[in-house]
Amino acid sequence: MTNSTTTAQIPRHRLRNGLESGQPQFGCFSSLSSAWTARIVASCGWDYVIVDCEHGNHDDGDMHDCVNAIAAEGVSPIVRIRAQDSGLIKRALDTGAHGVMIPMVNTAAQAEQLVKWSKFPPMGVRGQGSSFCAMASGITTSEYVKIANKTILTLVQIETPEAIANVDAIAAVDGVDGLFVGPNDLALSLLGYVPAKWTETEFLDALEAVKQAGKKHGKYVGILAKNGQHAKELKNEWSIVGLGSDSKALSTAMTATVQTIKS
């Protein structure tokens, strides 16, 4: 589904390698600041887990610990940073994360700046100093620096009408690896409510615009599904499918158990 393939591979990078093999990749969000919770989630069979530093309960230390716990299960840790900031991107990638997800990317200019912050020179301005990222990938620092620009994923989130209007230009930016739709924020900004029913013409047209931009420019496209069955339906058109979070799964399971006991 993409032209963004490369012969430079890191065997441990499950998400990128899976995408380049042409297979849809499935993952969820880590919201709880517990390395053990992250490791349990990763052990369930996901291809990637997003350490959610935007809306989740993660500080800098939790981010480091959760990234390592996820990677230890052979699953790709992706860090969603809380804002478009060079320091946040550097810290996220220095943990050994296999990529970053950046929220609320609305213009090509923003995307270009994010790519610069995510990539080593000459493509970008990412600073090199951490030994953790190479260590986590099972290679030397010299090897990591040589291939990081081609293997670390830079995923931008499309979540507003402005982003939809500019999605073709955003997708055209060299170094942007994928477009990931935040369906709740997109629905809220387009429709004025959440969640979307996924029947609204305006919402579906926006999703189609993202898919077409990804196809045109050879970029991966991702989205958050409503449930497991919905994820199965999306996998033929979306290369990266997200589904739920650790906190939602815990709440759902506990609620069902209590209701069974009390019924």
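The largest pocket holds about 580 Å³ of space. A pocket here is an open set of points on a 1 Å grid over the protein atoms alone, with protein on both sides within 12 Å along at least five of seven lines. Its volume is the space filled by probe spheres set on the points, which are joined across faces, edges and corners. Lining residues have an atom within 4 Å of a point. The largest pocket has 26 of them, and F29, N184, L224, G244 and K248 are the closest to its centre.

This is a predicted model, in which local features need pLDDT of at least 70, side-chain atom pairs count only at pLDDT 80 or more, and totals for chains, interfaces and linings use all residues. Residues are numbered from 1 along each chain as its sequence is written, and side-chain values use heavy atoms, with hydrogens and water left out.

Which elements each supply at least two residues of the pocket lining? They are β6 (178–181), α10 (183–191), β8 (240–245) and α13 (246–262). Helices (H or I, at least four residues) and strands (E, at least two) are DSSP runs, numbered from the N terminus. By type, the pocket lining divides into 11 nonpolar, eight polar and seven charged residues. Nonpolar covers Ala, Val, Leu, Ile, Met, Phe, Trp, Tyr, Cys and Pro; charged covers Asp, Glu, Lys and Arg; the others, Gly among them, are polar.

A cavity is a set of points where a 1.4 Å probe fits but cannot get out. The structure holds one cavity of 30 Å³ or more. The largest cavity has a volume of about 30 Å³. Its lining includes D94, F120, R126 and Y144. Four lining residues are nonpolar, five polar and two charged. Helix α7 (residues 141–151) gives the most to this lining, with three residues.

Rings of Phe, Tyr and Trp (its six-membered ring) pair if their centres lie within 6.5 Å; planes under 30 degrees apart count as stacked, over 60 as edge-to-face and the rest as tilted. The count comes to two aromatic pairs. Why is the pair of F120 and Y144 edge-to-face? The ring centres are 6.2 Å apart and the planes stand at 80°, so the pair is edge-to-face. This pair links distant parts of the chain: F120 sits in the loop between α5 (108–118) and α6, and Y144 in helix α7, 24 residues apart. Both F120 and Y144 are buried. W198 and F203 form an edge-to-face pair too, 5.3 Å centre to centre with 75° between the planes. W198 and F203 are both buried.

Two aspartates come next. D47 lies in the loop between α2 (35–42) and β2 (48–52). D47 is buried, with a relative accessible area of 14%. Beyond its neighbours within four places in sequence, D47 is in contact (heavy atoms within 4.5 Å) with residues including R14, F26 and V75. D60 belongs to helix α3 (residues 60–71).

Finally, the record. UniProt places the feature "domain: HpcH/HpaI aldolase/citrate lyase" (unreviewed entry) at residues 25–251. That span is 47% helix and 18% strand, and its end C-alpha atoms lie 25 Å apart.

Methods:
UniProt positions renumbered as here; feature names shortened; annotations may be inferred. Buried < 20%, exposed > 50% of the residue type's maximum accessible area, 1.4 Å probe, protein only.
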